[in-house]
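Open the model in your viewer and keep the selection tool at hand. This tour moves from stop to stop.

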Amino acid sequence: MIRKYNKNDLDSVLEIWLNASVKAHDFVSAEFWRSQTENMRNIYIPASETYVYEIDSKVVGFYALHESSLAAIFVVPDLQGKGIGKQLLNHAKSQRTTLTLSVYKANQASYQFYLSQGFKVVSEQLDEHTGHLEYTMSLGT
């Protein structure tokens, strides 16, 4: 079930974000992701429109929108590949007429997933925080 995020979900969302970020972005130091946890807690999640995916009352995935940007979409690593991310993305698509996102070029699994869901690359640039190449992708423009 997908529902709107509430403040009681914060620890679960942060845990999913950290674990999935470390797994998906193994080309970036795990310490970098850990160092971003407080920014996620205090800045990014509060500034975003966030939805969570629950199974048996346990949060197992989430996405966050900031204006028309899909700022985050993450699923518990052990449950990836089971359609949860696709359901979250479809829900996000229903919330906006256009969506943009950034994905690391080295994160081929996510890049291919976004392509399969209709996103197109609109630019390529260096991420200022990590120095790694990333794509900006768009849907509906």
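What joins the side chains of serine 116 and glutamine 117? Select both: a polar contact of 3.2 Å joins them. A polar contact is a pair of N or O atoms within 3.5 Å; within protein, one must be able to donate a hydrogen and the other to accept it, and residues adjacent in sequence count only if both atoms are side-chain atoms.

Before moving on, note that this is a predicted model: local features need pLDDT of at least 70, side-chain atom pairs count only at pLDDT 80 or more, and totals for chains, interfaces and linings use all residues. Residues are numbered from 1 along each chain as its sequence is written, and side-chain values use heavy atoms, with hydrogens and water left out.

Stay on serine 116. This residue lies in helix 5, residues 108-116 (helices are DSSP runs of H or I, at least four residues, and strands are runs of E, at least two, numbered from the N terminus). Serine 116 counts as exposed because its relative accessibility is 53%. Buried means under 20% relative accessible area, exposed over 50%, partly exposed in between, with a 1.4 Å probe and protein chains only.

Next, select tyrosine 114 and phenylalanine 119. Their ring centres are 5.7 Å apart and their planes at 65 degrees, so the pair is edge-to-face. Rings of Phe, Tyr and Trp (its six-membered ring) pair if their centres lie within 6.5 Å; planes under 30 degrees apart count as stacked, over 60 as edge-to-face and the rest as tilted. Tyrosine 114 is buried at 8% relative accessibility. Phenylalanine 119 is buried too, at 1%. For one aromatic cluster, select Trp17, Phe27, Phe32, Trp33 and Tyr104.

Now go to arginine 3. Its side chain meets aspartate 9 in a salt bridge, 2.7 Å from N to O. A salt bridge is a side-chain nitrogen of Lys or Arg within 4 Å of a carboxyl oxygen of Asp or Glu. Arginine 3 also meets glutamate 54, at 2.9 Å. That pair links strand 1 (residues 2-4) with strand 2 (residues 49-55), 51 residues apart. Arginine 3 and aspartate 9 are both buried. Glutamate 54 is buried as well, at 15%.

Last stop: arginine 41 and aspartate 11. Their side chains meet in a salt bridge of 3.4 Å, N to O. Arginine 41 lies in helix 3 (residues 37-47) and aspartate 11 in helix 1 (residues 10-24), so the pair ties together parts 30 residues apart in sequence. Arginine 41 is partly exposed, at 27%. Aspartate 11 is exposed, at 54%.
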